[in-house]
Amino acid sequence: MKNIALIGYGVVGHGVADLLSKNADIIAKRAGDQIRLKHILTARPRADDPRQELLTQNADDIFGDCGVSVVVECINDLDAAYRYCRRSLSAGKHYVTSNKNLIATYGVELTELAARNSVALMFEASVAAGIPVLRPLCKCLSSNRVTGVMGIVNGTTNYILTQMKREGRAFDDALRDAQRLGYAETDPSADVLGFDACRKLAILLSIAFDRYVRYKEIPAEGITAVTSADITLAERLGYSMKLIAMGRLTPSDRIYARVSPLLIPHDHLLASVDDVFNAVAVSADTAGDVLFYGRGAGAEPSASSIVGDVIDIVTSGRYNDPVWREDYRPLLPADENVGPLFVRASLPEREKLLQLFPEGIAAAEGENLGFITTPGLERKLREDIQAAGIETGAIWRVFSRAEDDA
Ligand code: HSE
């Protein structure tokens with residue numbers, strides 16, 4: 001019998017407890033032992049909770065129990081998670097977390113601490129919830145030199161953009177739904193402003209490139225300024241609007257990374273990743289392009305990855321992931337990329353745009369014009385548009401194979 005403890009009993013914590021009961025037989029078979037949930041730390045224990053006898057408000061019940069070998073944490077609070085994680089690893093207890101903020105912020109320190117104490121620190125659920133992507137990146141692709149990662153890693157924003165496109169729903173209305181469904185962060189500005197995606201991208205890139213990437217340095221542009229007109233015009237022009245997290249390693253060993261809305265051509269695999277689904281495409285020198293796809297938020301997908309981590313710990317005893325290296329080099333600026341831009345403007349701007357980009361393509365919707373420029377260095381394109389006195393309603397990046405390959 002292996003005893004585990006759960007810290008945090010919100011949407012994801014409930015998902016973990018439910019999964020441990022629902023699939024107890026299969027989990028025991030795969031783990032080679034029964035996994036028993038012994039304590040649940042929660043700030044708000046409910047008197048009518050069916051797991052009443054497991055609930056505690058005192059962390060000492062967990063850390064003082066030498067029978068507990070694995071601590072599972074699913075809370076949002078960064079400082080509290082940091083304290084629990086340090087305490088757990090220092091006490092020789094393995095730690096499983098879905099907290100991307102914790103890993104993106106303290107990954108270097110905590111992976112070192114875990115290694116020093118010969119315990120596991122696992123966080124598969126921290127990126128793209130139910131999609132197994134970190135372990136495959138660490139393990140199955142470990143013989144490859146990874147050159148790029150690009151994906152949709154925030155379920156809330158993907159859900160909102162899909163609802164705006166498909167149902168013509170307003171942004172706020174779709175966001176409320178994402179909150180109700182348990183996809184959004186406690187403070188959903190982390191989702192809609194792109195910070196949640198930055199944290200996940202930083203984790204992915206730190207693993208992919210063997211070099212700690214500071215998430216705060218990744219330029220983030222969220223979806224709050226994306227309008228229904230942008231989405232409709234993009235669709236007319238043959239593109240889907242997505243919040244894309246991407247990073248690549250340049251031939252000179254520099255990292256370019258950013259999170260921003262991007263127009264993705266309809267024939268690109270990521271264009272059809274809708275609703276709460278996430279997808280991560282990895283470019284590797286030997287395996288080639290590899291795509292991971294699945295549910296990126298919600299109780300059950302997160303629980304799936306968390307309990308998978310627990311089983312891995314129980315079966316392997318320890319998890320020998322690489323310790324993250326702090327090897328600081330500034331990221332390349334966000335406008336250092338090559339590709340076309342999408343411009344929303346009023347119809348009368350069409351001539352000026354065509355003068356500047358004679359091979360650009362245009363579509364109209366009411367009073368709005370959507371225009372795709374010819375590819376170029378983003379910084380230069382923006383300067384040219386401004387110098388030509390074109391009044392723009394919005395400018396968004398457009399996916400370009402050239403950028404992908406750069
Ligand atoms: N708020 C996150 C999302 C939850 O929408 O993707 C999963 O990390």
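A residue counts as buried when its relative accessible area is under 20%. The exercises below concern a predicted model.

**Exercise 1. Classify the ring pair formed by Phe-123 and Trp-324, and decide whether each residue is buried or exposed.**

Step 1. The structure holds 7 aromatic pairs, and in the one examined here the ring centres of Phe-123 and Trp-324 are 6.0 Å apart, with the planes at 90°. Since planes over 60 degrees apart count as edge-to-face, the angle of 90° makes the pair of Phe-123 and Trp-324 edge-to-face.

**Exercise 2. Determine how the rings of Tyr-159 and Tyr-183 are arranged, and where the two residues lie.**

Step 1. With ring centres 5.7 Å apart and planes at 70°, Tyr-159 and Tyr-183 make an edge-to-face pair.

Step 2. Tyr-159 is in helix 7 (residues 155-167), whereas Tyr-183 is in the loop between helix 8 (171-180) and helix 9 (189-192), so that a pair 24 residues apart links distant parts of the chain.

Step 3. Tyr-159, with a relative accessible area of 9%, is buried, and Tyr-183, at 17% relative accessibility, also counts as buried.

**Exercise 3. Describe the sheet that contains strand 7, and state which strands helix 7 lies across.**

Step 1. The sheet is open and is formed by 9 strands in the order 11-10-7-8-9-17-13-15-14, with mixed pairing. Strand 11 (288-295) and strand 14 (361-365) are the edge strands, each of them pairing on one side only, and the twist from one strand to the next averages 25°.

Step 2. Within this order, strand 7 (residues 146-152) and strand 10 (residues 277-284) run antiparallel and are joined by 6 bridges; Ile-152, for example, has Ala-279 in strand 10 as its bridge partner.

Step 3. Helix 7, the element that carries Tyr-159, lies across strand 7, strand 8 (239-249) and strand 10, and runs at about 155° to strand 8.

Technical notes
Residues numbered from 1 in each chain as written. Predicted model: local features only at pLDDT ≥ 70, side-chain atom pairs only at ≥ 80, totals over all residues. Heavy atoms only, no water. Phe/Tyr/Trp six-rings, centres within 6.5 Å; stacked < 30°, edge-to-face > 60°. Helix = DSSP H or I, 4+ residues; strand = E, 2+ residues; numbered from the N terminus. Buried < 20%, exposed > 50% of the residue type's maximum accessible area, 1.4 Å probe, protein only. Pairing = 2+ DSSP bridges. Axes fitted to C-alpha atoms, helices over the stretch in contact; angles between N-to-C directions. Contact = heavy atoms within 4.5 Å.
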